[in-house]
Amino acid sequence: MITFEVKDMTCGHCVSTITKAVRAVDKEATVRIELQSHQVQIEPTEADADELRDAIKEAGYTPVVVTNGPLKPEKASRGGCCCG
């Protein structure tokens, strides 16, 4: 799995555009997008991370590789507060 953060992805049209861009370079890739967290998770079958990043860039977005693991909600950290 390859996960990108795409901060300039803001709506359903963006999701559709990024999905089409990814599938243009890897038509069998599994694409999971979480709009609220601006994350795109891809399970490629042919393309590598650089090819996928370039495809998303060519679609007009700025992807940043986050991790090679599954999307996980961030846990709130305790501490730093008198009530934590």
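## Salt bridges

A salt bridge is counted here when a side-chain nitrogen of Lys or Arg lies within 4 Å of a carboxyl oxygen of Asp or Glu. By this rule the chain has 4 salt bridges, and among them is the one between Asp-54 and Arg-53, with 3.4 Å from N to O. Arg-53 also meets Asp-50, at 3.0 Å from N to O, and in this way Asp-50, Arg-53 and Asp-54 are linked in a network of salt bridges. Asp-50 and Arg-53 stand 3 residues apart in helix 2, which means that about one helical turn separates them.

Another salt bridge joins Glu-34 and Arg-32 at 4.0 Å from N to O; Glu-34 is partly exposed at 34%, and Arg-32 is partly exposed at 41%.

## Basis of the model

The model is predicted, with local features requiring a pLDDT of at least 70 and side-chain atom pairs a pLDDT of 80 or more, while totals for chains, interfaces and linings use all residues. Residues are numbered from 1 along each chain as its sequence is written, and side-chain values use heavy atoms, leaving out hydrogens and water.

## Overall fold

Helices (H or I, at least four residues) and strands (E, at least two) are DSSP runs numbered from the N terminus. The chain has 2 helices and 4 strands, which follow one another from the N terminus as β-α-β-β-α-β. Of its 84 residues, 31% are buried.

Strand 2 and strand 3 run antiparallel and are joined by 5 bridges, where pairing requires at least two bridges found by DSSP. The two strands form a hairpin with 4 residues between them, and His-38 in the turn has a positive phi of about 60 degrees.

## Helix 1

In helix 1 the buried residues are Cys-14, Ile-18, Thr-19, Ala-21 and Val-22. Seen down the helix axis, these buried residues fall within an arc of 160 degrees, so they line one face of the helix; the arc is that of the directions from the axis to the C-beta atoms. Their cover, judged by contact (heavy atoms within 4.5 Å), includes strand 2, strand 3 and helix 2. The face turned away from the buried side carries the exposed residues Gly-12, His-13, Lys-20 and Ala-24.

Note on methods:
Buried means under 20% relative accessible area, exposed over 50%, partly exposed in between (1.4 Å probe, protein chains only).
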